[in-house]
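Let's take a walk through a protein model together. Keep the picture at hand and look for each residue as we come to it.

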Amino acid sequence: MSSIVLLVIGVTAFISGYRIYSRYIARRIYQLDPDFVTPAHEFEDGVDFVPTNRHVLFGHHFTSVAGAAPIVGPAIAVIWGWLPAFLWVVVGTVFAGAVHDFGTLWISTRHKGNSIGTLAESIVGDRARVLFLLLIFFLLLMVNAVFAVIIANLFMANPGAVLPVWGSLVVALVVGFLIYRTGAGILIPSLAALAILYALIWMGQYAPFTLPDFLGLGPTSAQLATAAGDPAVAAAAAARDGQRVGWIVILFAYTFVASVLPVWLLLQPRDYVNGHQLFVALGIIGVGVIVANPQVVAPAVNTHLPADAPGWFPLLFITIACGAISGFHGLVASGTTSKQLDRESDARYVGYGGALGEGALALTSILATTAGFALYVGIDGWHAHYGSWAAASTGATTAFVNGVGVLAEGIGIPHRVATIFAAVVVISFAATTLDTSVRLQRYIIAELGVEYRLKLIQNRWVATFIAVASCALLALGLDRGAGGTRLWPLFGTTNQLLAGLSLLVLTLFLFKLGRRVWVTAIPMAFLLVMTTWAMVLNLDRFATSDQVLLATVGGAIFVLELWLLFEGAAAVRRLMVGRDSSPSPPVP
């Protein structure tokens, strides 16, 4: 199979979805009003509520949702073959993910910028709000823990990426100051920042940085057993643990600061620059596919799965979460993006368009891992890399980075620079998601403080500390961070569950307005069935493998899910009874 064919089919589907399907939804379903006063104008405060140019906001939203997940998920899922992953990314993005993102942004804008969790109270029922907030808290807990571990591992594997990643933060602060305090235009500073970033990437190959093991952690009993009595091997494994722990601590210290800064100072300019970077990355990968045209040699459907690999149905739909549909996107859309939307009509461009951009990133992950990476290691090497479920999970970013390196090398970029570039792309977007997610978790903790009249945790500094500390403890509690990737199935299940429940809230709101609900109801029903099924399978696996922490967290989430589904069913029944008892509207 030619990789060009898959690229053309995917891009054509995304363009058609935006030009046709999203226009229909905007006009007939959500009925956008360009004159509606958005929360950014109604509650403008210069910190969270800031009317923002739609291109800048697209950059923030796009890079906040396009973290490591649309790369990691597909890079794991291709173990089942490229065809199931490709179909879910394309169809799921156009008809489910983009509809969800667009809808949650719109409904939040219509309700004073309130989060999807808060909206559940008025639309579903009184208890739904707290249940939603608790579910969101668990999801954000896992998002932050997983992404911190992924970034730490990437820094360890790609020391040349350290300089450009941290250097880009300084550049973003300068750009934010120039745009919002001196009145400078947006385009020129951001393009200059992008040029500086690429210069730092080039310099990174000559200035790699490895974090010292300043913690001096000793080997664990498992490491001693694995080393088979070789103290040097055990000590090296412990040193890697020390470096990983150090990076995780540094990352969460950084996110504490970043999540309390005004959005205009760091969040918006960095995301806008990263948005340009993502477009460049997509362009490089796309051109690399066209020029090199590597064949997709990985199987379309893998009929020789490793012994430890589960079947693809229904786990495909929770392994590829972001990149098809993601509940986290609804948190961003209703948590930060809706507070910055200048005009309601911009919601289509930012919400639906942002989801398509992430779908394109997931598509390139499939091509990089099944064509570029396979070309790099050979088909035997590919099968060896995907020789077990554990190897596929822990080596997902490695497959993507090396695959992008091969594709970029095909258009004249040195492989060493190209791999640093790919690592910076993954780290930058994961870090952006980490920042936004911690900020959202601070909002959730503060809302819970209001609910239970706990004034202390309503303070943004205290709420941020609780968010950062809880995420860090979860990340470090799984084998000093080394086991963080074990959270992925639980993260994916919770993520998709939240997307289904967000679509439930959106469907009920549309039903109240008397509008067509099939656009949101069909993906809602599909997701809720798949995630419930997958959660039962995951809980059984956690219990039989004595993964107590994951089984406990997963069990709590499952109880919240069942409770919320019960509340949703009760809300549907109330609406149906109310509609049956009300007089019929006049025929126009």
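What follows is a tour of helices, salt bridges, loops and a surface patch.

This is a predicted model, in which local features need pLDDT of at least 70 and side-chain atom pairs count only at pLDDT 80 or more, while totals for chains, interfaces and linings use all residues. Residues are numbered from 1 along each chain as its sequence is written, and side-chain values use heavy atoms, with hydrogens and water left out.

The expected span of a helix is 1.5 Å times one less than its number of residues. Val146, which sits in helix 7, is buried at 2% relative accessibility. Val146 and Ala430 are 284 residues apart in sequence, yet their C-alpha atoms are 9.6 Å apart in space.

Now for some charges. Side chains of opposite charge can pair when their charged atoms come close. A salt bridge is a side-chain nitrogen of Lys or Arg within 4 Å of a carboxyl oxygen of Asp or Glu, and the structure holds 5 of them. Arg129 meets Glu121 in one of these, at 3.8 Å from N to O. Arg129 also forms a salt bridge with Glu447, with the closest N and O atoms 3.4 Å apart. This second pair links distant parts of the chain, since Arg129 is in helix 7 and Glu447 in helix 18 (residues 415–451), 318 residues apart. Through shared partners, Glu121, Arg129 and Glu447 join into one network. Arg129 is buried at 8%, whereas Glu121 is partly exposed at 31%.

Another salt bridge pairs Glu42 with Lys112, at 3.2 Å from N to O. Glu42 lies in helix 2 (residues 39–42) and Lys112 in the loop between helix 5 and helix 6, so the pair ties together parts that are 70 residues apart in sequence. Lys112 has a positive phi of about 60 degrees although it is not a glycine.

Next, find helix 21, whose 27 residues reach 39 Å from first C-alpha to last, close to the 39 Å expected. Thr520 is found in this helix and is buried, with a relative accessible area of 0%. The side chain of Thr520 makes a polar contact with that of Thr507 at 2.8 Å; a polar contact is a pair of N or O atoms within 3.5 Å, where within protein one must be able to donate a hydrogen and the other to accept it, and residues adjacent in sequence count only if both atoms are side-chain atoms.

One loop deserves a stop too: Pro314 lies between helix 12 (267–292) and helix 13 (316–319), and the peptide bond from Phe313 to Pro314 is cis, with omega near 10 degrees.

Finally, look at helix 8 (residues 162–181), where Phe177 is found. Phe177 counts as partly exposed at 47% relative accessibility.

Key:
Helix = DSSP H or I, 4+ residues; strand = E, 2+ residues; numbered from the N terminus. Buried < 20%, exposed > 50% of the residue type's maximum accessible area, 1.4 Å probe, protein only.
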